[in-house]
Every structure is written in C-alpha cells, then in structure tokens.
Amino acid sequence: MPRILSIILLLISAILLQACGPYSFTGADINYSTTKTVQVNYFQNNAPIVEPGIARDFTQKLQELLLNQTSLDLVNNNGDLVYEGEITQYYIAPITATANSTAAQNRLTITVNVRFFNTKDPLKDFEQPFSFYYDYPGQTQLTGAKLDAAVEIIFERITQDIFNKSLANW
C-alpha cells in the first residue's frame with residue numbers, strides 16, 4: 001500500500017511540474033531562441049531644468065537592469081529590442097507648507113519618455129512616459145550625495161517600471 005501511494009504522489013508531482021512550464025525569477029517574458037540582443041540608445045536630457053550627468057546615469061542604469069535581469073547581449077545597433085527616449089521633466093516643487101508659508105516638504109520629480117521597439121514582435125512596441133518622485137524635508141538642500149541618492153531611488157523605480165512594461169508579462 002505505501003508503494004502505491006508513493007507512485008501516485010510521484011505521478012501527481014510529475015504532472016504538476018510539467019504543467020508549470022518555464023519560469024523566470026525576474027518575470028521576463030522573452031523568447032531567447034529568437035531574441036538575443038538589446039540596444040539602449042542614449043537618453044537625452046530635454047527637461048527645462050538640466051541636471052548635469054543624469055542622462056548618462058539613466059542610460060547606464062537601464063542598461064545595467066536589462067543585463068542583470070535578462071540573458072540578452074547589449075549592442076550598439078540593430079538590437080532585437082530597442083529602448084530610446086528622453087528625460088522630459090526634472091523639477092522640484094513644494095508639497096506641504098508650514099504655518100509660516102514655507103515648504104515643509106519638497107518633491108523632486110523626474111519623467112522619462114520611452115520608446116520601446118521589439119523587432120521580433122512589433123505588437124509589443126510602445127511609447128510612454130514613466131515618472132517617479134523623491135520627497136525630502138523643505139529645509140534640506142538637495143545637492144551632492146543627497147541629490148545622487150534621490151536620483152538613484154527615482155531611476156531604480158523608473159527603470160523597473162520600464163522593464164515590467166516592456167518585458168514582464170504581468
């Protein structure tokens with residue numbers, strides 16, 4: 001009797017595992033038999049306020065995320081997947097005020113417009129803005145390391161949102 005029970009459990013396990021199919025821990029929905037390369041063009045900073053270096057930083061952050069979460073090779077041209085676009089907004093605005101009419105809290109917002117082209121499946125192409133923000137105390141100056149940390153947090157979120165929209169089938 002225990003032998004029959006173990007055989008039944010083994011058969012059920014085999015059926016369940018076969019039904020699941022391949023799974024990616026990053027959530028990427030990529031057919032690696034046809035899609036081999038990714039191209040990330042330089043994202044120009046076209047925002048009215050230009051913060052030096054963020055265009056380069058964003059481009060590199062998106063490249064790193066794609067290389068870390070996929071098995072695609074990064075190329076400079078003729079990529080199977082192509083990302084391009086521009087930084088369209090970079091601004092700081094007060095979000096709460098004190099009784100003295102000064103800012104109690106400010107928000108740095110960055111918006112990136114992205115055009116994605118999938119040469120293997122053009123139905124997945126899109127153009128969309130992605131935006132995120134970082135809140136900080138109104139009496140704080142967002143410069144140096146504090147600015148770098150804020151931009152890093154914003155870019156981490158935006159690049160993950162771009163990845164999810166373009167490659168994750170969620």
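Tutor: Start with burial: buried means under 20% relative accessible area. Bear in mind that this is a predicted model.

Student: What makes Phe58 count as buried?

Tutor: Its relative accessibility is 0%. The cut-off is under 20%, so Phe58 counts as buried. Phe43 is buried too, with a relative accessible area of 0%.

Student: How many aromatic pairs does a search of the whole structure find?

Tutor: Seven. One of them joins Phe43 and Phe58.

Student: Why is the pair of Phe43 and Phe58 called edge-to-face?

Tutor: The ring centres lie 5.0 Å apart, and the limit for a pair is within 6.5 Å. The planes stand at 75°. Edge-to-face needs over 60 degrees, so the label holds.

Student: What parts does the pair of Phe43 and Phe58 tie together?

Tutor: Phe43 lies in the loop between β1 and β2, and Phe58 in helix α2. The pair therefore ties together parts that are 15 residues apart in sequence.

Student: How do you know that Phe126 and Phe130 form an edge-to-face pair?

Tutor: Centre to centre they are 6.2 Å apart, with 65° between the planes. The cut-offs are within 6.5 Å and over 60 degrees. Both residues are buried: Phe126 at 13%, Phe130 at 6%.

Student: Which charged end sits over the ring of Phe126?

Tutor: That of Lys165, 5.2 Å from the ring centre. The distance limit is within 6 Å. Arg107 sits likewise over the ring of Tyr133, its charged end 3.8 Å from the centre.

Conventions: Residues are numbered from 1 along each chain as its sequence is written. This is a predicted model: local features need pLDDT of at least 70, side-chain atom pairs count only at pLDDT 80 or more; totals for chains, interfaces and linings use all residues. Side-chain values use heavy atoms; hydrogens and water are left out. Rings of Phe, Tyr and Trp (its six-membered ring) pair if their centres lie within 6.5 Å; planes under 30 degrees apart count as stacked, over 60 as edge-to-face and the rest as tilted. Helices (H or I, at least four residues) and strands (E, at least two) are DSSP runs, numbered from the N terminus. Buried means under 20% relative accessible area, exposed over 50%, partly exposed in between (1.4 Å probe, protein chains only). A charge sits over a ring if NZ of Lys or CZ of Arg is within 6 Å of the ring centre and within 35 degrees of the ring normal.
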